[in-house]
Amino acid sequence: MPRLPWVIKYRPKRVDDVVNQSEAKAVALKWIKSWVAGNPVKKAALFNGPPGCGKTSLVEALANEFGYELIEMNASDYRRATDIERIAKVAATQRGLTGRGKLILLDEVDGLSRLADEGAIQAILDLIKITKNPVVMTANNAWEQKLKPIRDASLMVNFRRLTKTDVKRVLRRICELERIQCDEDAINFIAERAEGDLRSAINDLEAVAEGFGRVTLKICKAVLRYRDRVYAPYEVVRKIFISKYAWQARQAASQTDLSPDELMQWINENLPLQITDPEDLWRAYEKLSRADVFFGRIVRSGSWDLLPYAIELMTAGVALSIVNDPKARYKWVKYQFPQKILLMSRTKEMRQLRERVAEVIGRHILASKRKVKNDVLPYIKIIFDRNPEYAARLAAGLNLDEHMIKYLSPQNAATISKMAAEIWRETAKEALKKHAQPAKEVREEARLPEEQQGIKGGVAEKKLRRRKKRKEIKGKGLDAFFKK
Amino acid sequence: MFVKERNMPHLLFAGPPGTGKTTAAHALAHDLYGEDYRMYMLELNASDERGIDVIRTKVKEFARSKLPANIPFKIVLLDEADNMTADAQQALRRLMEMYVEVTRFILIANYPSKIIEPIQSRCAVFRFVPLKKEDVIARLKWICDQEKVKCDEDALEAIYEISEGDMRRSINILQSSAALGEVTVANVYKVVGLAHPREVREMIRTALQGNFLKARDMLRNLMATYGLSGTDIVKQMHREIFSSELDIPEPARIDIADYIGEIQFRIVEGADDEIQLNTLLARIAMLGKSLRRKQK
């Protein structure tokens, strides 16, 4: 039997077991009892509260205690109105085969606003109108404008953020049941970082206990680096790699609030750390590559209903590629934050500079930025690295600023900038002399500063050259045409 | 001829890079309108946004605007037109018909087959051929004279061989070599080596040796420092895979080339270049392992 993650293993079975939240429990109990009695005040309830405070747990406990069959839909299951209509309406209007009533859970409805079309909200409202079974929705932030119609149609049940004491109590109990040696200051550390999110605290505890067999402050500090997710990303990654069955990997993917493409970056980053057998690695990458192709199609066509295929390929597809070296999946690996995401922010400035340099040069040589980046920049860089004097003349002629010069040659930037400034000063002197000339010419000079002032830098000269070349080549072009 | 008559049809300039297509278009406009020719010309290249919306707004606005008294027509210059989507080209075709009285289009493309038929049939097509060796060398020599740079005949020949008749590339190489002192064969090869990162070959070699993680780091470095796109790298890898510097059995070269083609296709289809290239490196690493096994 597959081992259950602790968050599932220790999920409360009864309403009483749900930690704290006495007010929310009271409201919810009264509501569900009105359903059992057959005269519900409101047909739907909206459980609102921060991540990991017990919303879903309370729904499950309610279903369990009052004998409802739980029909659950995750945000990833309903991105379009038709999904909701198809699945939920059926569930809401029919009694189950067992004769038991159903409890419909629409998880994370606030995710809708950013994911899907407006149609989804209307579909939920329709569902509430026609349902013959209790409907519970959960949200981290139910106060979004878009959710107003849903708020109006449901009973609001507000959950509080759990206190550190609440979290610590649960962690200690799990350690006892799992017979894990656990230091009090480590428990304190985990509870502190969780910020009231019990689910992430349990996941953290499991990650450390699983990997090291004991839980000390030192290990916690070393291992638990990321804190801004409901489910720590490295945990999800580990769960995906460790999966032996497709459903495990898929489930793991649903237990994160990383966006699917972020999750793909996490898998991309850590895949070669976990899998070392070349054949397994290629098989896994082949699946990831296919997943990425689906992402490309999703982005370009907006068809979000392709998303499940991408997710299955990048989770289950990757996990089940481990064939030659099956033990590799259990290897303990210190997972890395995706370099791509780090690099993107770190190199943002550099990329913008590159674009600007390419634009300036492109204007001068009549080529697109793409052509400049591919064909021209490598050569310009050589000049800037090897011949500062020549580079300075180019820089002055092209009117490059200090940052651009630094981009082209970090080591020579200071020298080149100084020399270019020198050239500028001399050009300015010459311009000053020209002030004696008729006003019309001065105006023209003002309009074409680059060309006029670039004389020293050779731009005017180059322009002349280019013009001559143009004519000649044009001749050739026409010749070629007539020869044809 | 067009200049003398002050009239011309829509034009399509097609041919390999560096043969003077863009230059010819600018020269033509310059000869038609004089020094301020850019006032009468709308110029859009691949750096500019030119999807269907831009064609319908910006280009249309320009194409239908009133004609200044002194000129016969305005020009819309679409450089790298083969990068435009088919939709945008369809929209363009309508404009070419509607405003032909006041606006002429010059389209520039490496691959005329990527320009939709109806546009091709509305244009006079000019095929630009790769420049002849003696023309390129004469040109390079002339530049060297102007710039008072010493150059060897052998070096200029080497430049021509490397750039395959691409004038832009030739002049780039010439200028960088000159910046190293003088234009000699040694300097030319040095420049080309520096500009076309050996890292690509090294990356393939590292993957073949089975060090996937290091190869991936090299890939990231190429993308970050050189700013190369996934397609650029795939194309360079394709060139390298047939290099004698890499010790691979001949049939394996074809297998890899096949897979490189597949990956290039997926880069176009997909969302993340690096993932596709990692897949390629993983495939090469796997090949490396099976080659080593055979040797034993």
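Two strands pair if DSSP finds at least two bridges between them. Helices (H or I, at least four residues) and strands (E, at least two) are DSSP runs, numbered from the N terminus.

The model is predicted: local features need pLDDT of at least 70, side-chain atom pairs count only at pLDDT 80 or more, and totals for chains, interfaces and linings use all residues. Residues are numbered from 1 along each chain as its sequence is written, chains are lettered from A and ligands numbered from 1 in the order in which they are written, and side-chain values use heavy atoms, with hydrogens and water left out.

**Exercise 1.** Find the bridge partner of A:Leu106 in S4(A), then place the strands in their sheet.

Solution.
- Step 1: In S4(A), A:Leu106 has A:Met137 as its bridge partner.
- Step 2: Strand S3 (residues 102–106) and strand S4 (residues 135–139) of chain A run parallel and are joined by three bridges.
- Step 3: The open sheet of chain A has five strands in the order S2-S3-S4-S1-S5, with parallel pairing.
- Step 4: Strand S2 (69–73) and strand S5 (154–158) of chain A are the edge strands, each pairing on one side only.
- Step 5: On average, neighbouring strands of this sheet are turned by 20° against each other, direction ignored.

**Exercise 2.** Determine which strands helices H2 and H3 of chain A touch.

Solution. Contact means heavy atoms within 4.5 Å. Axes are lines fitted to C-alpha atoms, for helices over the stretch in contact, and angles run from 0 to 180 degrees between N-to-C directions.
- Step 1: Helix H2 (residues 22–36) of chain A packs on the sheet and touches S1, S3, S4 and S5 of chain A, its direction making about 155° with that of S5(A).
- Step 2: Helix H3 (residues 55–66) of chain A also packs on the sheet; this helix touches S1, S2, S3 and S4 of chain A and makes about 145° with the direction of S1(A).

**Exercise 3.** Describe the surroundings of A:Ser154.

Solution.
- Step 1: A:Ser154 is in strand S5 of chain A.
- Step 2: Its relative accessible area is 4%, so A:Ser154 is buried (under 20%; exposed is over 50%, partly exposed in between; 1.4 Å probe, protein chains only).
- Step 3: A polar atom of the A:Ser154 side chain lies 2.4 Å from the backbone oxygen of A:Ile150.
- Step 4: Not counting residues up to four places away in sequence, the residues touched by A:Ser154 include A:Leu46, A:Ile128 and A:Met137.

Methods. A polar contact is a pair of N or O atoms within 3.5 Å; within protein, one must be able to donate a hydrogen and the other to accept it, and residues adjacent in sequence count only if both atoms are side-chain atoms.
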